Amino acid sequence: MENLYDLVIIGAGPAGLAAGLYGARAKMKTIIIEKDKTGGQIVTTEEVANYPGSVPNATGPSLIARMVEQCDEFGCERIKDDIVEVNFDEKIKVIKGTKGEYKAKAVIIATGATPRKLDVPGEKELTGKGVSYCATCDGDFFTDFEVFAIGGGDTAVEEAMFLTKFARKVTVVHRRDMLRAAKSIQEKAMKNPKIEFIYDTAVKEIKGDGILESIVFENLKTGEVWEHFADEEDGTMGLFVFVGYLPQTNLFKGKLDMNSHGYLITDDKMRTNVEGVFAAGDCRDKLLRQVVTATADGAIAAIGAEKYIEENFEH
Ligand code: NAP
């Protein structure tokens, strides 16, 4: 059968690359399909300090480059294609891209999730240069600096507390007059002397010449607009955006079980509700979305796929 793979992996972030490595090492005919840049969210991170065993000064791109090398060494194919349709109804799964059609005995979905953006001027240009979507990844860069955390949900308030370990002051800016975060989380944050809250306020613009220098805010009730400049001595500050995440799972709506936020539901073997279809990494309903959990998911899913193929297909 043309283009028949043992294992098709959709997504080349850490989960997909780990699945590719384990799949190819298990001598499965394996391909990773990625529509965008290889590496997923982590390639936007300048320093990766929390991936166990990573070399000093490891960056997102350097870590991903090594993962790609490992996949290539073991003969995992990689291709750029935008998947537009999947058919998981038969034993052989069909994955259609704009460039071609791929058939698979098993599929691993590793499409990730993207942090929701504010969609304001300057945000894109200053991402990684003061604007961040990950406190665990980037909090440390703002040791003794001033930091803003945008959002009013559990993530914004919890991450604001985490950021107080580094920043001298953290201001949570929320667009409404009350937080969405759980009361218990709110209470804890309100007791933290390093945290301040600003309500009814949105970010209108983010400015800086190569590094974040000022943020334009608007009070949504009064219409007042003001610009907050980084302390002159600091030269910059942190702006952390925590306004929710968007799992990249639209393709699978109505085909695979997902929670109310669109994250794919799996068991601890990374199996979805459809036999032969696995999910790994940030697109999955889980507690912690980090490189270390994504690579672990990918490895488990690949070995699960190998076992599934052994049990369900003739050699
Ligand atoms: P979330 O609950 O969807 O909250 C997103 C927050 O961002 C809301 O406060 C929302 O404002 C605000 N927002 C959305 N779009 C915005 C925009 N364009 N500009 C400004 N603000 C915007 O997302 P989350 O906090 O990431 O949490 C996601 C899920 O994970 C939730 O179910 C949460 O309970 C769960 N979670 C749980 C824990 C925990 O239990 N410890 C920790 C983290 C996350 P509005 O309030 O006005 O809508």
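This is a predicted model: local features need pLDDT of at least 70, side-chain atom pairs count only at pLDDT 80 or more; totals for chains, interfaces and linings use all residues.
Local features were taken at pLDDT of at least 70 and side-chain atom pairs at pLDDT 80 or more, whereas totals for chains, interfaces and linings use all residues. Residues are numbered from 1 along each chain as its sequence is written, and side-chain values rest on heavy atoms, with hydrogens and water left out.

The shell around the ligand holds 15 residues, of which Asp 154, Thr 155, Arg 175, Arg 176 and Arg 180 come nearest; a residue is near a molecule if one of its heavy atoms lies within 4 Å of it. By residue type, the shell divides into four nonpolar, six polar and five charged residues. In this classification Ala, Val, Leu, Ile, Met, Phe, Trp, Tyr, Cys and Pro count as nonpolar, Asp, Glu, Lys and Arg as charged, and the others, Gly among them, as polar. Helix 5 (residues 154-163) gives the most to the shell, with three residues. Helices (H or I, at least four residues) and strands (E, at least two) are DSSP runs numbered from the N terminus.

A polar side-chain atom of Asp 154 lies 2.6 Å from a ligand oxygen, and a backbone N or O atom of Gly 153 lies 3.2 Å from an oxygen atom of the ligand. For His 261, an N or O atom of the side chain is 3.4 Å from a ligand oxygen. Taken alone, the ligand exposes 910 Å², and the protein buries 67% of that area. Accessible areas were computed by the Shrake-Rupley method with a 1.4 Å probe; for residues, only the protein chains shown count as cover. Lys 183, in helix 6 (residues 183-190), is 29 residues from Asp 154 in sequence and 9.5 Å from Asp 154 in space, C-alpha to C-alpha. With a relative accessibility of 54%, Lys 183 counts as exposed (buried means under 20% relative accessible area, exposed over 50%, and partly exposed in between, with a 1.4 Å probe and protein chains only).

A pair of aromatic rings is described by the distance of the centres and the angle of the planes. A search of the whole structure finds eight aromatic pairs. Rings of Phe, Tyr and Trp (its six-membered ring) pair if their centres lie within 6.5 Å, and planes under 30 degrees apart count as stacked, over 60 as edge-to-face and the rest as tilted. The pair of Phe 142 and Phe 240 is edge-to-face, because the ring centres are 5.5 Å apart and the planes stand at 80°. Phe 142 belongs to the loop between helix 4 (135-138) and strand 9 (146-150) and Phe 240 to strand 15 (residues 238-241), so this pair ties together parts that are 98 residues apart in sequence. Phe 240 also pairs with Phe 242 in a stacked arrangement, with 6.0 Å from centre to centre and 20° between the planes. Phe 142 and Phe 240 are both buried, and Phe 242 is likewise buried. Phe 142, Phe 240 and Phe 242 form one aromatic cluster.

Lysine side chains also lie over aromatic rings. Lys 29 lies over the face of Tyr 5, at 4.3 Å from the ring centre, and Lys 91 over the face of Phe 313, at 4.4 Å from the ring centre. A charge sits over a ring if NZ of Lys or CZ of Arg is within 6 Å of the ring centre and within 35 degrees of the ring normal.

Strand 13 (residues 214-219) contains Asn 219 and also Ser 214. Ser 214 is buried, with a relative accessible area of 2%, and its side chain is joined to that of Glu 227 by a polar contact of 2.7 Å. A polar contact is a pair of N or O atoms within 3.5 Å; within protein, one must be able to donate a hydrogen and the other to accept it, and residues adjacent in sequence count only if both atoms are side-chain atoms. Asn 219 counts as buried at 16% relative accessibility, and its side chain reaches the backbone nitrogen of Lys 221 at 2.7 Å.

Most residues other than glycine have a negative phi. Asn 57, however, has a positive phi near 70°. Asn 57 lies in the loop between strand 2 (30-34) and helix 2 (60-73) and is exposed, with a relative accessible area of 71%. Asp 144, in the loop between helix 4 and strand 9, has a positive phi of about 70° although it is not a glycine.
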